[in-house]
Amino acid sequence: MTSTTTAVRDDPVTEPTRAIEPAALRAVWHREWTLFVRYWRSTSFAALVEPLVYLFAFGVGFGSLVAFVGDVPYVQFLGTGIVASAVLFTSVFTGMFTTFVRRVFQRTYDALLAAPIDVHELVLAEAVWIAAKAGVYGCAPLLAAMLFGLPPTWGMLLVPAIGFLTGLGFALFGILTSAVVPTIDSFNYITSGVVTPLFLVSGTFFPLDTAPAWMQVLAWVNPLYHCVQLVRDAVFVDFGWVDLVHIGVLAGFAALMAVLAIRQMRRRLIG
Amino acid sequence: MRTARPSPTLPRVTTVGPPALRLRGVTKRFGDLLAVDHLDLDVPRGICLGLLGPNGAGKSTTMRMVTAQVRQDAGTIEVLGHPVPHEAKQARARMGVVPQQDNLDGELTVRQNLEVFGRLYRIPQRELADAVERALALAQLVERQHTTAEQLSGGMKRRLLIARGLVHRPELVLLDEPTVGLDPQVRSDMWGMIDALRSGGVTIVMSTHYIEEAHRLADEVAMMSHGRIVATGAPQGLVATHAGPVAHEFYGPPARLAEVEAAADAAGVAHRRTGPSVSLIGHPPPEWDGRFGDPVRREATLEDVFVLLTGEAVE
């Protein structure tokens, strides 16, 4: 600082505290709800039809080659697996595209931040909303799989919570990337280079315990793999201590992404 | 001329307590660019302050520092007594911001846009409907309340932006270039709206690069150039102090105009180019005695003052 007035230098610019005000979050959720009410039909249609298509094509087509994975029919193995894909796509793409459009094209966040709400509250509110949607829409594949013979269990009631936790991390990852990429076209790199590999090496389509060791290592650092495992353990009511590790990884992922996403969004939104 | 017409907003007005705005030594750099340079500014309550200057003078940066959407590198900012950015949220809760660019929620209706901001500004649920009605009336958008914002005309969008910034009855309103890009009729409507607000006692800080806008609406003008304030005062007072009552415009071919300028320099009379003419700020020296023809006499303006003080044009 090359300031000539000492009074200025002695009085540092004090940042506000990072408290979270529920009223600020509620206002953002109210806005999201208002938008959601307009679009829920098309969103819900896509969420339900897509897993049906997957289950039909892969479950019936591919399932004629592989009847069982362990003692689970392939269509049920797949149906539980694509819960994670539904959660991933709902959360990561909303986090990426919607956030980018609102920040850059619609300048919605600029408008909101002129009101009493701070960047961290805005990011967390958006992420929690997206995660809640991911938790709900993550159940759609289960409903579809039931049509293909998946028996209902009490453990399925935990699936929305698993979807929420996973969706929170991926929503924040999406928000982070939206604040990193220079243009909306750059999302192609993220989609092809990160999202698709995560989706394929997660144990959704094939079990990883027979895969090469390097792939198993990759799977363990992939949050989506932990989601897939948790969902299967919940649906088939087959819990073990390892599920605590899965939960820990997902929570850690969400926490790390929260810190990074808030920091990067603040850089982009506050001059 | 202003008329004190009744305003549908009936704002909460307090003239006691700390000033609306107090800036001391505020400085902001963007890389190599010094956008705001040791800026001092005081805005008492209840006035309309026009922040006048050309594009790039630092007006918008100053406004964004007041809401803490840009962080000053040095200096202190107090908004209604709240230090910013430290208590920026408390400060923002008590002020309304009307941006230069449309950042409405295009997919939401007029009414929903107001409701979202009503909630953001913590208007209690039982008062929200009344607040929204009041804002709709102010923006004259009662009939369009169920139209989505993206379907509104440019003028309606601007009115909605203003109403959105006023939904919580703020004590201080920041208007960033409120009429830029609007056609004359809509601009004049907008002036009426701002004037009504001012008459209602709300403190207004308005950035503008339209001389006429500053002249008509502002009780006080702060002239900004290269990140600094070069003069402040009432529009008439600024003109009287720096330019005097009259200016004289000389017309003629370019060579003649150059002669006028040279002669004015020799006589020590301030002058500036005004389109096809040279304006002498003040009177032509008596010894010219019609040498350059008969000038057109006109009142001196804020533009004259600005050019005299900065050497730049505002508009």
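In the predicted model, Leu51(B) stands opposite Ser207(B), a residue of strand β8(B). The pairing of β3(B) (residues 48-52) with β8(B) (residues 203-208) is parallel and comprises 5 bridges. Strand β3(B) also pairs with strand β9(B) (residues 220-225), again in the parallel sense, over 4 bridges; here Gly50(B) is placed opposite Val221(B). Of the 5 residues of β3(B), 5 are buried, so the strand is largely enclosed by the rest of the structure. This burial extends to both faces: Cys48(B), Gly50(B) and Leu52(B) are buried on one side, and Leu49(B) and Leu51(B) on the other.

Elsewhere in chain B, helices α5(B) (residues 154-166) and α6(B) (residues 184-199) pack with their axes 10 Å apart and at an angle of about 15°. Because angles under 35 degrees count as roughly parallel, α5(B) is described as roughly parallel to α6(B). The crossing of α5(B) past α6(B) is right-handed. From α5(B), Gly155(B), Arg158(B), Arg159(B) and Ile162(B) meet Val186(B), Asp189(B), Met190(B) and Met193(B) of α6(B). The residues of this helix contact comprise 4 nonpolar, 1 polar and 3 charged.

The contact between the two chains involves 33 residues from chain A and 36 residues from chain B. On the side of chain B that touches chain A, at least two residues each are supplied by β1 (21-30), β4 (74-79), α2 (88-93) and α3 (110-120) of chain B. Helix α3(B) gives the most to this side, with 5 residues. By residue class, the side of chain B that touches chain A consists of 13 nonpolar, 13 polar and 10 charged residues.

How values were computed: Residues numbered from 1 in each chain as written. Chains lettered and ligands numbered in written order. Predicted model: local features only at pLDDT ≥ 70, side-chain atom pairs only at ≥ 80, totals over all residues. Contact = placed C-beta atoms within 7 Å. Nonpolar A, V, L, I, M, F, W, Y, C, P; charged D, E, K, R; others polar. Axes fitted to C-alpha atoms, helices over the stretch in contact; angles between N-to-C directions. Parallel < 35°, antiparallel > 145°, perpendicular 65-115°, else oblique. Left-handed = near helix turned anticlockwise from the far one by under 90°. Buried ≥ 20, exposed ≤ 12 C-beta atoms within 10 Å, placed from the backbone. Pairing = 2+ DSSP bridges.
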